[in-house]
Number of protein chains: 2
Amino acid sequence: MTRAAKKKASETPEKTTRIQEINRRLILDAALDVFSNYGFRGTTIDQIAEKAGMSKPNLLYYFPRKQNIYVTLLEETLAEWLAPLAEIDADGDPIEQLRNYITLKINMSESHPEASRLFANEVLHGAPAISDFLTKHLKPLVDEKAAVIRRWVGEGKLAPVDPYHLIFMIWATTQHYADFDVQVRAIMGSQVGRPGFREQTAQAVLSIILNGIRPRPVS
Amino acid sequence: MTRAAKKKASETPEKTTRIQEINRRLILDAALDVFSNYGFRGTTIDQIAEKAGMSKPNLLYYFPRKQNIYVTLLEETLAEWLAPLAEIDADGDPIEQLRNYITLKINMSESHPEASRLFANEVLHGAPAISDFLTKHLKPLVDEKAAVIRRWVGEGKLAPVDPYHLIFMIWATTQHYADFDVQVRAIMGSQVGRPGFREQTAQAVLSIILNGIRPRPVS
DNA sequence: CTGCATTTTGACCAAGTAGTCAAGTTTTTG
DNA sequence: CAAAAACTTGACTACTTGGTCAAAATGCAG
């Protein structure tokens, strides 16, 4: 009975104390940093503990297994990461909706690159921890939005385009700037850090994709 | 003096025997499989040795360090992976050249997904082993092709588009199908394995990007 | 302020893993 | 067909790392 917040099996609500809240946050923040840089296997509990400013046994008091930290982190991140997709409004203007979606994704890629990398690494290695999430939550959401895009195409508001591949292209392109940051920097050099870079990126990506799917007269 | 292919310090040509050639190949093939799935830290020498069908000390006879296998593999892969970019012909028809480039990349993504993942994983984690390659070989090549694209834009043969972001978009989109394969499968299900899938993907990607950069009359 | 619950940690353990070594086996070569 | 060179491996070492544990320190309710 040494587990945190556990007095009797009956007390299901699992009351969390002030200290628990603080320390779990500290751990998860540190873990995001480390996991996103080194991957699951490449990360040691000691690294996370040091970054979180506590001893390893203390960290393990809050998350008894390394896996627990990782999974909690992924769950926490995924919802937030997918949110913009859910916001696509079937009744809005197609180009406007997609422009907004792409812009949001590019902004997230810049503001939370670690989240993007954490996710990319997980999927790259076969998504062992989140394959359930992919089929149970992601797929239905994508199916729904794909149907919306397909309707837009049917109504002639977009050029004929496969909605799934369009969504993949948006994901790939926007997340590329977080996931392949080192490569982007190696090629574009000092431009990357500069103030207007995000806007320049957004402009370029939007220009190609939106013009690529804008309805065309003949064919 | 237990290193392979090393008799005297003077014999620089490093003659390789028949057995060396066979076994190095065996090791590198096995290593590509394992490294691309589990990453550098996630891979054990024993795993590679078993897959290559030899004992661990024997493997270490050919590659004294784990790092050596990894770096050799990356170097071998990178040249091949970048080749299509070099083939873009400044004197060809822009749309044709880019169509060909994108098609080649999509085909490679399907035929050598492990190579794509190996590379993606390396870059995702900061490219510690290949940052030199990125700046010394990749950047100059990209700069050269970007200049070509910029010229095409200047001649009105392409819509105004930032050449670097266009190249990134092509990379991101095509490699997405290898790197995020699990996610693509989770969403598109059985379609992915089916015969025409690569063609369908190519068609969708080409349609969006090429229409996105085709010269437009007004603005 | 006291006694119980929660939190913290030093010391430790067991498993896993990169790399070594010396002794054997096979291949090549003169 | 020796003898040398190249190749192969079982047994081992040193080290890292996930996780345990018991005891100490701290927080907190009455």
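1. Tyr62(B) is buried, its relative accessible area being 10%, where buried stands for under 20% relative accessible area, exposed for over 50% and partly exposed for what lies in between, with a 1.4 Å probe and protein chains only. This is a predicted model, in which local features need pLDDT of at least 70 and side-chain atom pairs count only at pLDDT 80 or more, while totals for chains, interfaces and linings use all residues. Residues are numbered from 1 along each chain as its sequence is written, chains are lettered from A in the order in which they are written, and side-chain values use heavy atoms, with hydrogens and water left out.

2. Over all chains, the structure holds 12 aromatic pairs, a pair being two rings of Phe, Tyr or Trp (its six-membered ring) with centres within 6.5 Å, called stacked when the planes are under 30 degrees apart, edge-to-face when over 60 and tilted otherwise. Among them, Phe35(A) and Tyr70(A) are edge-to-face, because their ring centres lie 5.0 Å apart and their planes stand at 70°. Since Phe35(A) belongs to helix α1 of chain A and Tyr70(A) to helix α4 of chain A, the pair ties together parts that are 35 residues apart in sequence.

3. Both partners of that pair are buried, Phe35(A) at 1% relative accessibility and Tyr70(A) at 3%. Tyr61(B) and Tyr62(B) also form an edge-to-face pair, with 5.0 Å from centre to centre and 80° between the planes; here Tyr61(B), at 38% relative accessibility, counts as partly exposed. In chain A, ring pairs link Phe35(A), Phe40(A) and Tyr70(A) into a cluster.

4. Ser36(B), found in helix α1 of chain B, is buried at 2% relative accessibility. A polar atom of the Ser36(B) side chain lies 3.2 Å from the backbone oxygen of Asp33(B). Leaving aside residues up to four places away in sequence, Ser36(B) touches His125(A), Ala31(B), Glu114(B), Arg117(B) and Leu118(B), where contact means heavy atoms within 4.5 Å.

5. The largest pocket holds about 570 Å³ of space and is lined by 26 residues, with Tyr38(A), Gly42(A), His125(A), Tyr38(B) and His125(B) nearest its centre. Elements that each supply at least two residues of this lining include α1 (18-42) and α6 (113-124) of chain A, as well as α4 (66-86) of chain B. By class, the lining has 10 nonpolar, 12 polar and four charged residues, with Gly counted as polar, and Asp, Glu, Lys and Arg as charged.

Technical notes. On a 1 Å grid over the protein atoms alone, a cavity is a set of points where a 1.4 Å probe fits but cannot get out, and a pocket is an open set with protein on both sides within 12 Å along at least five of seven lines; lining residues have an atom within 4 Å of a point. Grid points are joined across faces, edges and corners, and a volume is the space filled by probe spheres set on the points. Helices (H or I, at least four residues) and strands (E, at least two) are DSSP runs, numbered from the N terminus. A polar contact is a pair of N or O atoms within 3.5 Å; within protein, one must be able to donate a hydrogen and the other to accept it, and residues adjacent in sequence count only if both atoms are side-chain atoms.
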